[in-house]
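What follows is a walk through the helices of one model and the contacts between them. Please keep the sequence and the coordinates at hand.

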Amino acid sequence: MANFTRRAIKETFIHLLEERPLNDITVKDIVERCGINRNSFYYHYQDIPALIEEIIKEDAEAIIRAYPSVTTIVDGFDAVIEFASQHRRAILHIYRSVSWEVFERKLMQVCEYFVSSYADTALAQEPIPPEDRKTIVDYYKCVCFGLTIGWLDSGMSEEHMRSIRRIFLLKRDMATEIARLLRDQV
């Protein structure tokens with residue numbers, strides 16, 4: 001029963017986020033729509049920010065599990081776009097709220113996962129030391145994160161998304177280029 005209630009709270013909250021901004025949602029709204037009492041909510045969650053953090057964490061982990069390997073940065077970006085498109089309003093409401101730091105921390109985790117997975121494939125034939133691989137992953141992770149934040153700031157516009165996708169397509173072999181530059185630098 002506890003898992004059912006927990007899931008019902010999360011689903012209700014997400015539905016409310018699709019309808020209105022985060023600062024317009026109260027625990028009262030959630031429990032009334034969910035058909036439970038306030039004590040049930042507080043049994044499972046300390047407050048709405050704790051609920052948000054759990055949802056974001058679970059969603060980030062689900063995206064990562066859904067893509068056990070990534071052969072291009074575009075694949076990783078497309079996975080994030082696919083998920084975000086399904087939850088557009090809710091994501092923008094969380095991103096534009098006081099809980100953005102939790103969202104950004106998990107977004108960085110997802111970017112790092114996709115870039116690291118991509119690096120495993122792209123750099124498989126490149127003999128580079130672990131510290132150089134880490135440099136490449138850190139670079140790409142920050143690029144992906146920054147481009148995704150820019151896309152969110154644009155209101156998740158189609159035009160901005162196409163531009164980012166094009167950047168990734170144009171720079172698809174950049175990881176191996178950087179690996180060679182780092183190797184030749186020694």
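Helices are DSSP runs of H or I with at least four residues, numbered from the N terminus. The model is predicted, so local features need pLDDT of at least 70 and side-chain atom pairs count only at pLDDT 80 or more, while totals for chains, interfaces and linings use all residues. Residues are numbered from 1 along each chain as its sequence is written, and side-chain values use heavy atoms, without hydrogens and water.

Helix α8 (residues 130–153) packs against helix α9 (residues 158–170) at an angle of about 165°, with the axes 9 Å apart. The pair is therefore roughly antiparallel, a term for angles over 145 degrees. Axes are lines fitted to C-alpha atoms over the stretch in contact, and angles run from 0 to 180 degrees between N-to-C directions. In contact (heavy atoms within 4.5 Å) are Val 143, Cys 144, Leu 147, Gly 150 and Trp 151 of α8 with His 160, Met 161, Ile 164, Ile 167 and Phe 168 of α9.

α8 also packs against helix α10 (residues 174–185), at about 140° and with axes 10 Å apart. Here, Asp 132, Ile 136, Tyr 139 and Tyr 140 of α8 meet Met 174, Ala 175, Ile 178, Ala 179 and Leu 182 of α10.

Conventions
Helices (H or I, at least four residues) and strands (E, at least two) are DSSP runs, numbered from the N terminus. Angles under 35 degrees count as roughly parallel, over 145 as roughly antiparallel, 65 to 115 as roughly perpendicular and the rest as oblique.
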